[in-house]
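Please consider the following notes alongside the sequence and the structure. They concern one residue and the interface around it.

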Amino acid sequence: MTNGAVGNGSRRASLPNGAGSAAVLAMGIGSLVMAAFAIIADHSSVFKRMMIFYTPTGPLSGVTTIAVVIWLVTWIALDVAWKRRDVDRKIVRVGLYLLAIGFILMFPPVGDLF
Amino acid sequence: MDITSRALWTLIHGIGFGVVYLMACSGAMVELYRRFIARSGSLASSDGPFLKVYLIVMGLLAWLAVLSGTYVVYPWYRATPPTGTVDLSGFPQRLLISQSTTIGWHSMGMEWKEHVAWIVPITISMAAVVVARYGTDLRNHPRLKSAVLTAILFSFASSAIAGFWGAMIDKAAPVEGGHTITVMGDATR
């Protein structure tokens, strides 16, 4: 949609926003998954044991590893799908909202509400 | 002048990676503002790769900080003492939760720090990749450039939270032990 060349001083985008939007949305999803898994591990002893990938670090090792894997897989998948096209601008906003929600959920008094 | 190997790793994690990252955040925010938001911003041709390299180095610092924290320092922090251990000084988590006056350092501080710190590499990696891919064309994507700035603000806040609690927890119950390293010869010996 906006793949035209950019002249000097032009305000027209030469690259589609898909790749950037994919990166922002994946970042939000990764942060939210990290917070959600931390809360679940805090409340479920079964899930907590499942998250122990490396015994000296405990469940933190599984929670962070799975969240990072989900973040990267989501990013790659969305990037492949969107990198050559423009997507809805709201996606960037959704990614930032998810990041903010994940950030707030990591605050222990908020996470303990669940 | 001696230091234990565990205390040295804690220094490398907290100051070598964490504090340097925290200081770098202000530079990244100023540079992004100068390039993409300030109306009077001007770019020299030599400015091109600077921000990309700067953000990639920040990303590297962030990953080193969380990986060294999670897999090197944290296992020493949460180590379980043998049954009957009275002196808990080598077991910081157990030392903190053994008293009502210090339990908050763990239940609030460490519980928050150990998870929020992971937002830092995720956000800065996104910022680095977007800036590297879009370059000066980021000027033409207002939402993306705002998202990059916002992500760096979140990474700054997250690293500040992690750094503050890390410093305070290590003050209340230092991670010590391992072999002793002599940093400088002691003339009094």
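Leaving aside its neighbours within four places in sequence, with which residues is D79(A) in contact?

1. The model is predicted: local features need pLDDT of at least 70, side-chain atom pairs count only at pLDDT 80 or more, and totals for chains, interfaces and linings use all residues. Residues are numbered from 1 along each chain as its sequence is written, chains are lettered from A and ligands numbered from 1 in the order written, and side-chain values use heavy atoms, without hydrogens and water.

2. Apart from those sequence neighbours, D79(A) is in contact with A19(A), A22(A) and R133(B); contact means heavy atoms within 4.5 Å. D79(A) lies in helix 3 (residues 59–82) of chain A, helices being DSSP runs of H or I with at least four residues, numbered from the N terminus.

3. D79(A) counts as buried because its relative accessibility is 12%; buried means under 20% relative accessible area (1.4 Å probe, protein chains only).

4. R133(B) forms a salt bridge with D79(A), with the closest N and O atoms 2.7 Å apart. The term denotes a side-chain nitrogen of Lys or Arg within 4 Å of a carboxyl oxygen of Asp or Glu. Across the interface of chain A and chain B, the rule finds one salt bridge.

5. In the interface, 47 residues of chain A are in contact with 38 residues of chain B. The two chains bury about 3500 Å² between them, 72% of it on carbon and sulfur atoms; this is the accessible area (1.4 Å probe) lost on putting the two parts together, summed over both.

Definitions and conventions:
Helices (H or I, at least four residues) and strands (E, at least two) are DSSP runs, numbered from the N terminus. Buried means under 20% relative accessible area, exposed over 50%, partly exposed in between (1.4 Å probe, protein chains only).
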